Amino acid sequence: MKKCSINILSLILILAIQNIFSSPVQDGGSSTLAINQQLNEHNKLFELTLNQFVQFTLDVGEQCKNFSSKLFKELEADGKIVDKEFSKEEYNKFVQSFENLKNAKSNEDKLTYLNKITLETITSSKNLEEDKLLADFLKKYEPKEFLEKVYGLFSDYFKGFTADFNDYANELNEKQKQEQQQLLDWFEEFSKKQSFAEKTQKFLDFFALFDCCHER
């Protein structure tokens with residue numbers, strides 16, 4: 001059952017991201033409007049999305065730790081933890097990911113840890129959906145129900161993000177729209193994605209469109 005033990009640890013990361021409700025983009029003064037509508041780290045849509053993504057990920061990190069601690073106790077009580085030392089080591093790595101994000105100072109570091117956590121979340125959800133052995137092994141702990149809850153929370157977040165994006169796009173003049181066509185094209189593709197994995201993966205591409213973390 002060691003294969004199951006390893007995959008159980010990845011399941012914990014499903015909780016890594018939860019509901020990220022975006023607030024409306026606030027209008028800036030005329031002196032900052034131009035820079036706020038350029039694709040860099042001062043862009044107000046970028047700042048809004050990054051800051052809220054970080055904060056809500058950290059908030060949910062506490063819930064993740066509570067969930068994983070409870071899960072481990074139940075699995076241990078049922079005699080389903082094969083290698084306790086390995087499990088403890090992986091749990092510590094899981095907790096450290098959120099600590100690294102919490103202590104990150106630069107946008108580049110924040111995005112590094114956000115990408116790591118989110119990609120692991122996508123992988124964990126795929127493992128649970130596609131691995132029948134794992135699904136049967138964890139059936140008692142209702143992972144499918146938990147996963148459905150996560151999907152719903154992501155869906156709510158993407159609705160909020162879509163509203164913010166539309167507010168931002170509506171403020172652009174024709175010249176700015178031409179200059180930011182790549183961003184607008186990205187959003188059109190993002191809007192077409194339906195599955196959790198595809199839409200979440202596409203969402204991560206949003207940050208790569210902004211000139212903020214490249215070599216200066």
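**Figure 1. Contacts and overall fold of the protein chain in a predicted model.** Among the contacts in the protein chain with a separation of 6 or more, 75% are accounted for by residues 24 or more positions apart. Of its 216 residues, 47% count as buried, while the chain exposes about 11700 Å², of which carbon and sulfur atoms supply 49%.

Figure 2. Leaving aside neighbours within four places in sequence, Phe 206 is in contact with Leu 45, Phe 46, Thr 49, Phe 161, Leu 183 and Trp 186. The C-alpha atoms of Phe 206 and Phe 187 are separated by 8.3 Å, the two residues being 19 residues apart along the chain.

**Figure 3. The largest nonpolar core.** This core holds 48 residues, of which Phe 161, Phe 165, Leu 183, Trp 186, Phe 203, Phe 206 and Phe 207 touch the most other members. The elements that give two or more residues to the core are α3 (44-77), α4 (84-103), α5 (107-130), α6 (132-137), α7 (143-171), α9 (181-192) and α10, and α7 gives the most, with 11 residues.

**Figure 4. The contacts of Phe 207.** Not counting residues up to four places away in sequence, Phe 207 touches Phe 46, Thr 49, Leu 50, Phe 53 and Leu 111.

Definitions and conventions. Residues numbered from 1 in each chain as written. Predicted model: local features only at pLDDT ≥ 70, side-chain atom pairs only at ≥ 80, totals over all residues. Heavy atoms only, no water. Buried < 20%, exposed > 50% of the residue type's maximum accessible area, 1.4 Å probe, protein only. Contact = heavy atoms within 4.5 Å. Areas by Shrake-Rupley, 256 points an atom, 1.4 Å probe, with all protein chains shown as cover. Core = buried A, V, L, I, M, F, W, Y, C linked by side-chain atoms within 4.5 Å. Helix = DSSP H or I, 4+ residues; strand = E, 2+ residues; numbered from the N terminus.
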